[in-house]
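Here is a short briefing on one protein chain. Look over the sequence and the structure first, then work through the points below.

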Amino acid sequence: MMISAEILSIPPYLSTSWKNISSLHAVPDKDKFTLIVTLNTGVQASIPSLEKTVINSIFEAHGRYGSTQAIETLQKDSIAFPLSGNIDLMNSAMQHNPAQADSPEIPKEILEKITSIAKVLGLSDTSELPKAEPHCNCPFCQIARAFHGSEAEAKIEEPVSDKDLQFRTWDIKQTAEKLYIVTNPLDNNEQYSVFLGNPLGCTCGQKNCEHIRAVLNS
């Protein structure tokens, strides 16, 4: 068995790279679990009798791969912009440049990727980020506008429904009949599979756990 940053190999059931895997589901099976791996082609592989520690390692590796791919996608968009959350480092690496005031527009989708990835990496407070210079279209000013613009949009008040006022502990998504994925909305790496069939179970290994209760109450 191999669970690495690039490959998931569990002979004789499956051996492929993470880029070929669409999703993972774990179904309780007595004191162990059956892992269901869905490939990008839609083909599913069912791997029985896995320990909880192995299941956790597989899900963690898959989560790390997804984060790495998101960062690499941003880098391939050819804009060198540090997103470590260190404002001083960011300012020293990229400054307003009047000589580039007439630069062409950065594609909207690239700006959206920059702001979304920055938030994932912890750059949620843009108060220290210098604002764009008026009438300047240098890359720094374009990115600065994107950051401040996304922050301003987030502050726009919207009607709040009774449902919105309820505290949401878990995000719940049904992936198959009687099978649900329960995710911590504050940490996407904390994820469990809940099966409401027979036997009732959760990949956390506990009976009557809060994940099962969350699905039953959803």
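Helices (H or I, at least four residues) and strands (E, at least two) are DSSP runs, numbered from the N terminus. This is a predicted model, in which local features need pLDDT of at least 70, side-chain atom pairs count only at pLDDT 80 or more, and totals for chains, interfaces and linings use all residues. Residues are numbered from 1 along each chain as its sequence is written, and side-chain values use heavy atoms, with hydrogens and water left out.

**The chain as a whole**

- The chain has six helices and 10 strands.
- Buried means under 20% relative accessible area, exposed means over 50%, and partly exposed lies in between (1.4 Å probe, protein chains only).
- Of the 218 residues in the chain, 38% count as buried.
- Accessible areas come from the Shrake-Rupley method with a 1.4 Å probe; for residues, only the protein chains shown count as cover.
- The chain exposes about 13,800 Å², and carbon and sulfur atoms supply 50% of that area.
- Contact means heavy atoms within 4.5 Å.
- Take the contacts between residues at least 6 apart in sequence: 45% of them join residues at least 24 apart.

**Two sheets**

- Strands of a sheet pair through backbone hydrogen bonds, either parallel or antiparallel.
- Two strands count as paired if DSSP finds at least two bridges between them.
- Four bridges link S2 and S3 in the antiparallel sense.
- Across this pair, Ile10 stands opposite Leu14 in S3.
- Another open sheet has three strands in the order S4-S5-S6, and its pairing is antiparallel.
- S4 and S6 (44–50) stand at the edges with a single partner strand each, so one side of each has no neighbour in the sheet.
- Neighbouring strands of this sheet are turned by 20° against each other on average, direction ignored. Here, axes are lines fitted to C-alpha atoms (for helices, over the stretch in contact), and angles run from 0 to 180 degrees between N-to-C directions.
- S4 and S5 run antiparallel and are joined by eight bridges.
- Val27 stands opposite Thr34 in S5.

- Most residues other than glycine have a negative phi, and most peptide bonds are trans.
- The peptide bond from Pro11 to Pro12 is cis, with omega near 0°. Pro12 lies in the loop between S2 (7–10) and S3 (14–17).
- Asn198 and Pro199 are also joined by a cis peptide bond, with omega about 10°. Pro199 sits in the loop between S9 (187–195) and S10 (201–202).
- Lys30 is not a glycine, yet its phi is positive, near 60°. Lys30 belongs to the loop between S4 (21–29) and S5 (32–39). Lys30 is exposed, with a relative accessible area of 78%.
- Lys178 has a positive phi too, near 70°. Lys178 is in the loop between S7 (171–176) and S8 (179–184).

**Lys178 and Ile58: exposed or buried?**

- Lys178 is partly exposed, with a relative accessible area of 41%.
- Not counting residues up to four places away in sequence, Lys178 touches Val194, Phe195, Leu196 and Gly197.
- The C-alpha atoms of Lys178 and Val194 are 8.1 Å apart, and the two residues are 16 apart along the chain.
- Ile58 lies in helix H1. Ile58 is buried, because its relative accessible area is 0%.
- With residues up to four places away left out, Ile58 touches Ile3, Leu8, Ile10, Trp18, Leu24, Leu35 and Leu50.
- Ile58 and Leu8 are 50 residues apart in sequence, and their C-alpha atoms are 7.8 Å apart.

**The largest pocket**

- On a 1 Å grid over the protein atoms alone, a pocket is an open set of points with protein on both sides within 12 Å along at least five of seven lines; lining residues have an atom within 4 Å of a point.
- The largest pocket holds about 530 Å³ of space. Of the 19 residues that line it, the closest to its centre are Phe59, His62, Gly63, Asn188 and Gln191.
- Grid points are joined across faces, edges and corners, and a volume is the space filled by probe spheres set on the points.
- H1 gives the largest share of the lining, six residues.

Notes
On a 1 Å grid over the protein atoms alone, a cavity is a set of points where a 1.4 Å probe fits but cannot get out, and a pocket is an open set with protein on both sides within 12 Å along at least five of seven lines; lining residues have an atom within 4 Å of a point.
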